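Student: I would like to go through a model feature by feature. Could we begin with the sheet and take the rest from there?

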Amino acid sequence: MLARRVSSAHQLFVDRRVPAGRDQAGDGNSVRSVILDSWMRSTSKGVSPDGSARAVDLAAADLAAYRASHPMSIIRPVVRKLLVEDAADTGLLVAITDEKGQLLWVEGDSSAKDRALEMNFVEGADWSEDTVGTNAPGTALALDHCVQIFGAEHFSRSVHDWSCSAAPVHDPATGLIVGAIDITGGPRVAVPEVLSLIRATVAAAEAELRLHLLRSPQPLVETVLRLEVLGSGRPTLVRGAERIPLSQRHAEILLLLAEHPEGLSSDRLAVLLDENELDAVTIRAEMSRLRKVFGPANLGSRPYRLLTELTSDVRQVRGALDRGELAAALDVYSGPVLPGSEAPGVEDLRGELRARVQAALLREGDQRLLAKWTTSVHGREDVAAWEAYLAGLDPRSPLYSQVKSRIDLFDQQYAT
């Protein structure tokens, strides 16, 4: 009876495409809030309920190499012993994913594997929530906690004959998600005992990772996060080889948190983001959206703070200036900090960094660097730099006359 109500609610939701009211997905008692929230995220990401998982563009040899080098390969023997060995002839599948939701291994009942081909539940496929919509491994990664998804609770219709339970696995050293463990099958998966089994397996897997780190204290995942906010281009978060475009607001928040490693209260962050201040509800909503981009394990709350290292082009410019490497600083300084931002905290940072670059230029008096600065977008109106440039030129040179006329033009403009 409940299964029919959930199926009806799913049909109503995807047909009407109403992402707002909770009572608009059907009977409020039919759909759990965790599922409705996931359906709404799936809709906002443009996921089709008639779509399916997509294969990641990796050749078999590349996938094999990727799996072998991935931290989840360390725990695969544990998963096989606790789950896979007992899954034969049970109709159950056991899957291990990476941190993005790509299926690394799918093992278990052979007939179930054949059936799962129809929904592309195969090694190498992307089962992230952003791609497939609501599903146990993808939603567990999105929420960073264990979940069970029953039948029509899946966003994709092709998965409605299946149920699944999954939980994320964390790096014991950093707390970052390294992957997920999933059990997929029929109705027998939709019981609390299966979720308890998943939790116990994850606990054993994370214990194995701790032992591995004791034997070989190397980071499980080398992920460099870098924020690019200088110049007129769109702000970007760089994660390894991946470039993730950011909204201006998200870039503002990450930059401000990077500047305040001690953390910021909701009220203080609101003041730094808007001179009229933002209400606490708006701040919480922005942080919730940012967690989906930056990673829920990378942001703390009360106060809001970064839980992982975040470098930036701003920090790179400062570092070069601190080392006295002005040319290197100018190579990175492609323009002002988030030039379109009116956030008070960002405006202060923008002014501070530009003042530091300008002061270093005037102090060094390097003609080549002054020429580069004064012909750039951010330095062509810098009168002090033009005057310093002129001071180092031979008065008999044609260039001296050109620079002098530019300064005279500035004088005329300011005089009027």
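Tutor: This is a predicted model. Its open sheet has five strands in the order E3-E2-E7-E6-E5, paired antiparallel.

Student: Which strands stand at the edges?

Tutor: An edge strand has a single partner, so one of its sides has no neighbour in the sheet. Here that applies to strand E3 (103–108) and strand E5 (147–150). From one strand to the next, the twist averages 15°.

Student: How many bridges join strand E6 to strand E7?

Tutor: Eight bridges link E6 (residues 163–170) with E7 (residues 177–185), and the two run antiparallel. As one case, Ser163 has Gly185 in E7 as its bridge partner.

Student: Next, the domains. How is the chain divided?

Tutor: Domain 1 covers 60–215, domain 2 covers 223–350 and domain 3 covers 365–415. The centres of domain 1 and domain 3, taken over C-alpha atoms, are separated by 63 Å.

Student: Which residues have the most contacts inside the largest nonpolar core?

Tutor: They are Leu269, Met287, Phe294, Leu310, Val317 and Val337, in a core of 58 residues. Helix H9 (residues 248–259) gives the most to this core, namely seven residues. Both domain 2 and domain 3 give residues to the core, so it lies between them. Another core, of 25 residues, lies apart from it and includes Val94, Leu104, Cys146 and Val202.

Student: What does Leu269 touch?

Tutor: Leaving out residues up to four places away in sequence, Leu269 touches Ile253, Leu256, Leu264, Ile283, Met287 and Tyr304.

Student: How should I read the packing of helix H10 and helix H11?

Tutor: Look at the angle and the axis separation. H10 (residues 266–273) and H11 (residues 280–294) pack at about 85°, with axes 10 Å apart. Angles of 65 to 115 degrees count as roughly perpendicular, which makes H10 roughly perpendicular to H11. H10 makes the contact through Ser266, Leu269, Ala270 and Leu273, and H11 through Ala280, Ile283 and Met287.

Student: What should I look for in the backbone angles?

Tutor: Most residues other than glycine have a negative phi, and most peptide bonds are trans. Here the bond from Arg302 to Pro303 is cis, with omega near 0°. Pro303 is in the loop between strand E11 (299–300) and strand E12 (305–306). Asn120, which is not a glycine, has a positive phi near 60°; this residue is in the loop between helix H5 (110–116) and strand E4 (125–126).

Student: Where does Asp144 lie?

Tutor: Asp144 is in the loop between helix H7 (136–143) and E5. Its phi is positive, about 60°, although Asp144 is not a glycine. With a relative accessible area of 23%, Asp144 is partly exposed.

Notes. Residues numbered from 1 in each chain as written. Predicted model: local features only at pLDDT ≥ 70, side-chain atom pairs only at ≥ 80, totals over all residues. Heavy atoms only, no water. Domains from an automatic or database assignment. Pairing = 2+ DSSP bridges. Helix = DSSP H or I, 4+ residues; strand = E, 2+ residues; numbered from the N terminus. Axes fitted to C-alpha atoms, helices over the stretch in contact; angles between N-to-C directions. Core = buried A, V, L, I, M, F, W, Y, C linked by side-chain atoms within 4.5 Å. Buried < 20%, exposed > 50% of the residue type's maximum accessible area, 1.4 Å probe, protein only. Contact = heavy atoms within 4.5 Å. Parallel < 35°, antiparallel > 145°, perpendicular 65-115°, else oblique.
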